[in-house]
Amino acid sequence: MRKVLGIIFALSIVLSLSACGKTSFDGSRIGNDSQFVMEYKIFNTTDEQSLFLEAGDMIRAEVIVDSGKLAIKIQKDSDAPIYESDNTVDSENFDIEIQESGIYKIIVTGEKAKGSVNFKKAASEKGAQEEAQQELSEKTIDLSEAFQSVKGCAVVYSPAQEQYLFFNEEMCRQEKSPCSTFKIISTLIGLQNGVIIDESSAMGYDGTDYGNPEWNGDLTLEEAFQKSCIWYFREVIDSVGKDKIQEELNELQYGNCDISEWNGSGINPMEKLNGFWLDSSLKISPLEQVEVLERIFEGQNDYESPNIEILKRIMLIDESDTQKIYGKTGTSGNGEAWFVGFSESSGEREYFAVYLDDIEQKEQISGNRAKEIALEILK
């Protein structure tokens, strides 16, 4: 009798677990402080895993729902969830950037679910780039002889040597207004979007006296670039449009990518002589200038090669039997100036940025002075 009762009791347990598809879990699971992975044929329960994440990290999620549904919540301590979905019935991939370091709990509840979830800790795109940067060789060099008494900094990058050279490295990492060095970018964006076609493209002079005789007339792209004509490139940028400019800067990772002051800060009395790149919202560091130039001229972008070649031709400023130097100056009226570009010698390129910041000698500070220092360095 006891044996019969035992059999009946065991059968009742099996039936209670399997009735109406109530089996809790049939699958595999991996969990630690950097990942939470489950694959299952049946998931009718709640599972959770804590990940240790730092600010700037990403949670990279891949959710596959073959049938049933999931509820997913991600939160730090008792804070408001950074992600929450109560009815996930379709497969999806998503990334979540972590704003604050801490332990984040991922809670997944299944209802008649079949599929998989994969949550992994990953470095953000910027973090991954910084990590890759750290793997490159970095050296500090003394360029005080080239700078003489002028306050400033310089960074030189050799892709072939995978090496960065810094003079005043801390300053090389500080973001400043790009001033007229931004004409490199506005030229490329204008060409890519068909606003200008080649070196001979003119924007049409409106008859205004801009206070600079070299700007008062019809100018070609090449002339406007070499004479650093602001109104010409204001026309180019306005013709491309704000949304497209923002998209292009984001793609190039150009400094802070901030064009919020589209019309500029009003440093010049004429509207067409102002813009977000002139002592305004857009900022970039000397190191970032070098990184952007490398992305452009090493093919790490979607720009068409004929447009890059046009840009390259109008950037050529010095040529010898053994070396070509390409670049663009930029000058602010408050003792700040730039010269950025690259050199070619024996089939190899070196990218550079020289930045001057010397308010005490502002009368002597200009893009041309920065160029002289750069040419001395490149010798």
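User: Hi! Quick one to start: does Cys-179 count as buried or exposed?
Analyst: Cys-179 counts as buried, because its relative accessibility is 4% and the cut-off for buried is under 20%. Keep in mind that this is a predicted model.

User: Thanks! Where does Cys-179 lie?
Analyst: Look in the loop between α4 (169-172) and α5 (183-192) for Cys-179.

User: And what phi does Cys-179 have?
Analyst: The phi of Cys-179 is positive, about 50 degrees, although the residue is not a glycine. As background, most residues other than glycine have a negative phi.

User: What about Asp-77, what is its phi near?
Analyst: Asp-77 has a phi near 50 degrees, again a positive value in a residue other than glycine. Asp-77 has its place in the loop between β4 (57-76) and β5 (83-88).

User: Is Asp-77 buried or exposed, then?
Analyst: Asp-77 is exposed, because its relative accessible area is 55% and exposed means over 50%.

User: Let's zoom out. How many helices and strands are in the chain?
Analyst: The chain has eleven helices and 14 strands. With 379 residues, the globule rule gives a radius of gyration of 21 Å, but the chain has 29 Å, well over that, so the chain is more spread out than a compact globule.

User: What box do the C-alpha atoms fill?
Analyst: Taken along the principal axes, the C-alpha atoms of the chain fill a box of roughly 110 × 45 × 40 Å.

User: How much of the chain do buried residues make up?
Analyst: Of the 379 residues, 44% are buried. The accessible surface of the chain comes to about 19300 Å², and carbon and sulfur atoms account for 45% of that surface.

User: And the charges, how far apart are their mean positions?
Analyst: The chain has 36 positive and 68 negative charges, and their mean positions are 8 Å apart.

User: New topic: α9. Which residues does helix α9 have, and what does it reach from its first C-alpha to its last?
Analyst: Helix α9 covers residues 286-297, which is twelve residues. From first C-alpha to last, α9 reaches 17 Å, close to the 16 Å expected at 1.5 Å a residue.

User: How many of the residues of α9 are buried?
Analyst: Twelve of the twelve residues in α9 are buried, so to speak a mostly covered helix. Among the buried residues of α9 are Pro-286, Leu-293, Arg-295 and Phe-297. Just after α9, Gly-299 takes a positive phi of about 80 degrees.

User: On to Ala-113. Where is its place?
Analyst: Ala-113 is in strand β7. Ala-113 is buried, with a relative accessible area of 3%.

User: Which residues is Ala-113 in contact with, leaving aside its neighbours within four places in sequence?
Analyst: With those neighbours left aside, the contacts of Ala-113 include Tyr-40, Phe-43, Ser-67 and Leu-70. Gly-241 is 128 residues from Ala-113 in sequence, and their C-alpha atoms are 47 Å apart in space.

User: Last one: Glu-100. In which loop is it found?
Analyst: Glu-100 is found in the loop between β6 (92-97) and β7 (102-123). Glu-100 is partly exposed, with a relative accessible area of 46%.

User: And what is Glu-100 in contact with, again leaving aside neighbours within four places in sequence?
Analyst: Glu-100 is in contact with Ala-55 and Lys-76.

Methods:
Residues numbered from 1 in each chain as written. Predicted model: local features only at pLDDT ≥ 70, side-chain atom pairs only at ≥ 80, totals over all residues. Heavy atoms only, no water. Helix = DSSP H or I, 4+ residues; strand = E, 2+ residues; numbered from the N terminus. Rg over C-alpha atoms; globule rule 2.2 N^0.38 Å. Buried < 20%, exposed > 50% of the residue type's maximum accessible area, 1.4 Å probe, protein only. Areas by Shrake-Rupley, 256 points an atom, 1.4 Å probe, with all protein chains shown as cover. Lys, Arg positive; Asp, Glu negative; His and termini not counted. Charge placed at Lys NZ, Arg CZ, Asp CG, Glu CD. Expected span 1.5 Å × (residues − 1). Contact = heavy atoms within 4.5 Å.
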